[in-house]
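Take your time with each step before reading the solution.

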Amino acid sequence: MKGFDYSSDNLYFVTICVKDMLCCFGEVVEMDCDGMGAGRDLSVRDGLENHVEINHVMKLNLYGLIVQERLGWLPVQYPYVAIHNSVIMPNHLHLILEIDSSSVSKEIKIKSLSSLMGAFKTTASKLIHETGFLEFAWHRSFHDHIIRDDKAYKNIHAYIDENPKNWFEDDLFRSV
């Protein structure tokens, strides 16, 4: 948003995509509600029909685990940052990030959202490249939205939670 101070205390909804929408962080898999793979035959148990609710979860690979670790690194490296919710998908990630300058001394310079995302993307890329995946790259920039009220926060939080379930209908879906 033009003229907005992106280092100010706020909640931000951020989406970061992999270059060319390459699915490289893992895959969305189906799990039944007891945590077992959906591949088991659960249609009949003790002669009675059972309805098994299927849950979709993101199964992270090595690169997805690196991204997850870097998300955890952000609040450690920058104590005025809190991650309220996040999901890593095969080719993108969503997060709710809070900047709260009241949690640190006045002498600490608060980085902008852009600088924070730059640090995240740079360090994640470096670690992914060190594994031998030299072609890995993030899409330029990121998408952000300032969360202005509790209703928006709850809706975005739910959207993040439901992202794996909705993956196969998502605009960012790419078959592997």
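Contact here means heavy atoms within 4.5 Å. The model is predicted, so to speak of local features a pLDDT of at least 70 is needed, side-chain atom pairs count only at pLDDT 80 or more, and totals for chains, interfaces and linings use all residues. Residues are numbered from 1 along each chain as its sequence is written, and side-chain values use heavy atoms, with hydrogens and water left out.

**Exercise 1.** Work out the strand order of the open sheet and find what packs on it.

*Solution.* Start with the order: the four strands run S6-S7-S1-S8, with antiparallel pairing. Strands are DSSP runs of E, at least two residues, and helices are runs of H or I, at least four, numbered from the N terminus; two strands pair if DSSP finds at least two bridges between them.

Next, look at the edges: S6 (81-88) and S8 (143-147) each pair on one side only.

Then take S1 (residues 10-17) and S7 (residues 92-99), which are joined by eight bridges; Val14 has Leu95 as its bridge partner in S7.

Finally, helix H1 (residues 62-77) packs on the sheet and touches S6 and S7.

Conventions. Axes are lines fitted to C-alpha atoms, for helices over the stretch in contact, and angles run from 0 to 180 degrees between N-to-C directions.
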